[in-house]
Every structure is written in C-alpha cells, then in structure tokens.
Amino acid sequence: MDKKRLIIYPLLFIITLAVSTLGFTRWGLDGLIFPMIVTFVYFTVIFLIATAIKNNSIVDIGWGMGFVIGSWITLLTTSEPTFLSYLVVGFITFWGLRLSIRLLKRNYGKPEDFRYRQWREEWGENVVLIAFFRVFMVQGIINFIVGSVSYAIIKFNTFDFTGASQWIVYIGLFISFTGLFFEVVGDEQLRQHIQKGTRTLLQSGLWSVTRHPNYFGEIIIWIGLYIAGLVMLFSGDNPVIYYLVLILSPVIMSTVLIKISTPLLEKNMEKYDGWEDYKKRVPMIFPWSK
C-alpha cells in the first residue's frame with residue numbers, strides 16, 4: 001500500500017467516525033455509531049463472499065442494500081421516530097431494494113465486471129488484501145457517509161405537520177421523489193430499449209433531455225433529502241455545524257457519478273452511431289442545461 005493511501009484511509013475513517021458520533025460527542029444509541037458499524041460488517045460479509053467466489057463486482061449489487069440496512073438499523077435504535085422517520089425509511093427501502101434487485105437480475109451468472117477483473121490482474125497475489133481496503137472498505141465508507149443524511153433525519157428530526165419547518169420538508173421530499181421518478185422511468189426506458197435488440201443509442205423519453213436520467217435522479221434524491229434535513233435544526237438539539245458537514249452526502253454522490261461513473265460509461269457509449277451528435281445536443285447530467 002503506497003504512502004498516500006496510508007494517509008487517506010485513516011483520514012476517511014476518522015471523518016466517518018466523526019459523522020457517526022456527531023463530532024465525537026455521541027457514542028451510544030443517541031448517535032449513528034450503530035448504523036456505521038453495521039455498514040462495515042455488511043461490506044465485510046460481501047467481501048468474504050466475493051473472495052470465495054472470486055468476483056469482487058458483486059459489491060455493486062450490494063450497494064443499494066447497504067442503505068436499506070443502515071436506515072432500518074437507525075430506525076430500530078431511534079427512541080421516538082416520527083412520521084417523517086418512517087417515510088424516509090420507506091423511501092430508502094424502495095430505492096435501495098429496487099437498485100440491488102435490478103443489478104442482481106442484470107449481473108446474475110455473469111463473470112466478474114471488467115473493471116474489477118482488471119484490478120485483480122494488476123494486484124496479483126495481493127488482490128485479497130488490497131481489494132478489502134480499496135474496494136469494500138472504501139465503498140463501506142462512502143455508503144455510510146452518503147446515507148448519513150437520511151439516517152440523521154430518521155433519528156434526529158422532530159417533524160410534525162405544523163409550523164414553517166414542514167414546508168422545507170415538503171420541498172425536499174418533492175425534489176427527492178422527482179429524482180426517484182427520473183431514476184425509475186429512465187431505467188425502465190433503457191430496459192425496454194435494450195430488449196428491442198437494436199443496439200442503437202436511446203435518444204427518446206427522458207434520454208432526450210439528459211444523457212443519464214438515472215444518474216441525475218440519484219443526485220437530486222440526495223440533494224432533496226439534504227434539504228429536508230433542515231428540519232433537524234428546528235429542535236435545537238443538533239449543532240448547525242453537523243448539518244453543514246452532512247452536505248458531504250450529496251456532494252460525494254454527485255462527485256462519484258459525475259467524475260467517475262459517467263466518464264466510464266460514456267467511453268463505452270462512443271462506439272454507437274450518432275454519439276457525437278447526441279453528445280452535442282443533450283446535456284450530460286442536468287436536463288435543459290445546454
């Protein structure tokens with residue numbers, strides 16, 4: 001392991017620990033330490049399975065379920081959940097289960113994804129140890145930090161149907177449900193297009209306003225949840241600085257999708273006829289931004 005990663009990995013863990021304990025102040029059921037621990041245990045179990053079957057790409061299938069498990073652990077360790085707590089758990093459960101089931105159907109029985117296969121060749125005899133940290137633990141950290149804004153809402157909100165704070169929640173949830181619409185409909189339109197077997201670019205429906213409606217949807221899901229999370233500040237029990245730190249959730253998700261996932265996917269899309277014209281006409285992520 002190079003010196004840079006020897007610094008980065010402990011730093012990432014410290015940040016994760018700070019988020020889970022509200023700045024190292026809550027180490028029990030009044031914080032998010034249990035969802036964090038369970039998230040790491042969950043990704044460790046996936047690592048053990050992946051090592052046994054020699055297929056590290058199954059971590060992608062387990063990604064969505066990580067949020068589902070984290071949200072339920074948070075709910076079960078929350079002393080006085082509100083209606084909003086249950087609503088967010090239901091939302092994350094639907095979103096996460098759908099994502100994991102979709103990837104399971106798409107990848108079941110297939111060999112290891114080319115990205116993980118390439119890393120396996122690069123890492124050689126050290127693949128097990130390196131993959132544990134660079135694939136599974138890093139994904140566990142990202143999974144928890146991204147999910148932390150939803151876990152914080154579940155545990156710390158004091159939402160009721162009175163006062164100005166309810167309108168902030170409604171706006172945030174509207175944005176999140178809009179994101180879910182883009183993700184679900186975009187994926188279904190792509191599934192139907194692939195099923196036709198035309199091997200052409202999909203340029204209709206939501207794919208006519210953004211080249212990646214599913215990624216756009218996922219980004220604004222977490223932006224919406226972050227906005228809804230403003231309700232936590234109305235109780236006075238949670239520091240403003242903690243809410244500001246939670247912006248890591250939508251920022252990290254947006255960065256991963258825009259800077260990593262999208263370029264990898266678009267490199268593969270270059271082989272299709274009409275790609276350059278489609279790229280010029282349709283914005284990459286955010287609809288109608290050209």
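Student: Is Arg-115 buried, partly exposed or exposed?

Tutor: This is a predicted model, in which local features need pLDDT of at least 70 and side-chain atom pairs count only at pLDDT 80 or more, while totals for chains, interfaces and linings use all residues. Residues are numbered from 1 along each chain as its sequence is written, and side-chain values use heavy atoms, leaving out hydrogens and water. Arg-115 is partly exposed, with a relative accessible area of 27%. Buried means under 20% relative accessible area, exposed means over 50%, and partly exposed lies in between (1.4 Å probe, protein chains only).

Student: With which residue does Arg-115 meet in a salt bridge?

Tutor: Side chains of opposite charge can pair when their charged atoms come close. A salt bridge is a side-chain nitrogen of Lys or Arg within 4 Å of a carboxyl oxygen of Asp or Glu. Here the partner of Arg-115 is Asp-113, at 2.7 Å from N to O. Asp-113 is partly exposed as well, at 25% relative accessibility.

Student: How many salt bridges does a search of the whole structure find?

Tutor: The search finds nine. One of them joins Glu-183 to Arg-98, with the closest N and O atoms 3.9 Å apart. Glu-183 belongs to helix H7 (residues 165-195) and Arg-98 to helix H4, so this pair ties together parts that are 85 residues apart in sequence. Helices are DSSP runs (H or I, at least four residues), numbered from the N terminus. Glu-183 is buried, at 2% relative accessible area, and Arg-98 is buried at 16%.

Student: Where do Arg-281 and Asp-277 lie?

Tutor: Both lie in helix H11 (residues 275-281), four residues apart, about one turn of the helix. Arg-281 is partly exposed at 44%, and Asp-277 is partly exposed at 45%.

Student: At what angle do helices H4 and H8 pack?

Tutor: Two packed helices are described by the angle between their axes and the distance between the axes. Axes are lines fitted to C-alpha atoms, for helices over the stretch in contact, and angles run from 0 to 180 degrees between N-to-C directions. H4 (residues 83-107) and H8 (residues 213-228) pack at about 165 degrees, with their axes 13 Å apart. That makes H4 roughly antiparallel to H8, a term for angles over 145 degrees. The contact (heavy atoms within 4.5 Å) includes Phe-91 and Trp-95 of H4 and Trp-222 of H8.

Notes
Helices (H or I, at least four residues) and strands (E, at least two) are DSSP runs, numbered from the N terminus. Angles under 35 degrees count as roughly parallel, over 145 as roughly antiparallel, 65 to 115 as roughly perpendicular and the rest as oblique.
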